[in-house]
Amino acid sequence: MTFADIKAVNPEALTPWKAENLWQFYMSTANFMDRSVDEVRYHAAIDPTLLNRLRSMVPSAQYEALGQFLEGLPQRYLQTRLPEQIRNHFQMALNLDEDQVQLDLRPNRQLFDLTVITRDRTRLLPTWPGRWRHGA
């Protein structure tokens with residue numbers, strides 16, 4: 001609301017310093033509100049509905065690998081992606097033996113969705129001198 005107010009009253013009043021402070025405040029608030037959202041994990045034994053739906057989208061030879069892929073993923077990921085997206089991410093994960101970094105870039109309205117899939121390892125995302133800015 002502060003951003004909208006500044007833009008409506010006087011667009012020049014939004015200095016880079018004010019914009020940075022608003023961004024930091026927004027990110028701090030978003031992180032606080034989401035602090036436990038990724039603690040809830042998917043377990044097929046508790047709710048096999050998603051697993052069964054995705055199984056209809058992959059060859060039967062991949063059923064076991066699909067279950068392993070889904071097991072333990074954050075519920076938020078599964079609730080905010082279409083089954084087709086999850087299937088595509090699974091297919092990308094299957095290709096990690098061929099190329100250890102899988103990338104997918106797709107237009108999404110005026111933006112782009114970038115998906116990066118790789119195996120987890122120590123220092124995969126090191127601290128950079130600058131700050132990361134991303135959408136959830």
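**Definitions applied to a predicted chain**

Modeller: Along the sequence, the protein chain follows the pattern α-α-α-α-α-α-β-β, where helices (H or I, at least four residues) and strands (E, at least two) are DSSP runs numbered from the N terminus. This is a predicted model, in which local features need pLDDT of at least 70 and side-chain atom pairs count only at pLDDT 80 or more, while totals for chains, interfaces and linings use all residues. Residues are numbered from 1 along each chain as its sequence is written, and side-chain values use heavy atoms, with hydrogens and water left out.

Biologist: Why is the contact between the side chains of aspartate 104 and arginine 106 called polar?

Modeller: A polar contact is a pair of N or O atoms within 3.5 Å; within protein, one must be able to donate a hydrogen and the other to accept it, and residues adjacent in sequence count only if both atoms are side-chain atoms. The contact joining these two side chains is 2.5 Å, and therefore lies within that limit.

Biologist: What does aspartate 104 touch, leaving out residues up to four places away in sequence?

Modeller: Aspartate 104, in strand S1 (residues 101–108), touches Met92, Asp113, Leu114 and Thr115, contact meaning heavy atoms within 4.5 Å.

Biologist: Which residues does leucine 51 contact, beyond its neighbours within four places in sequence?

Modeller: Leucine 51 is in contact with Tyr42, Ala44, Leu66, Gly67 and Leu70.
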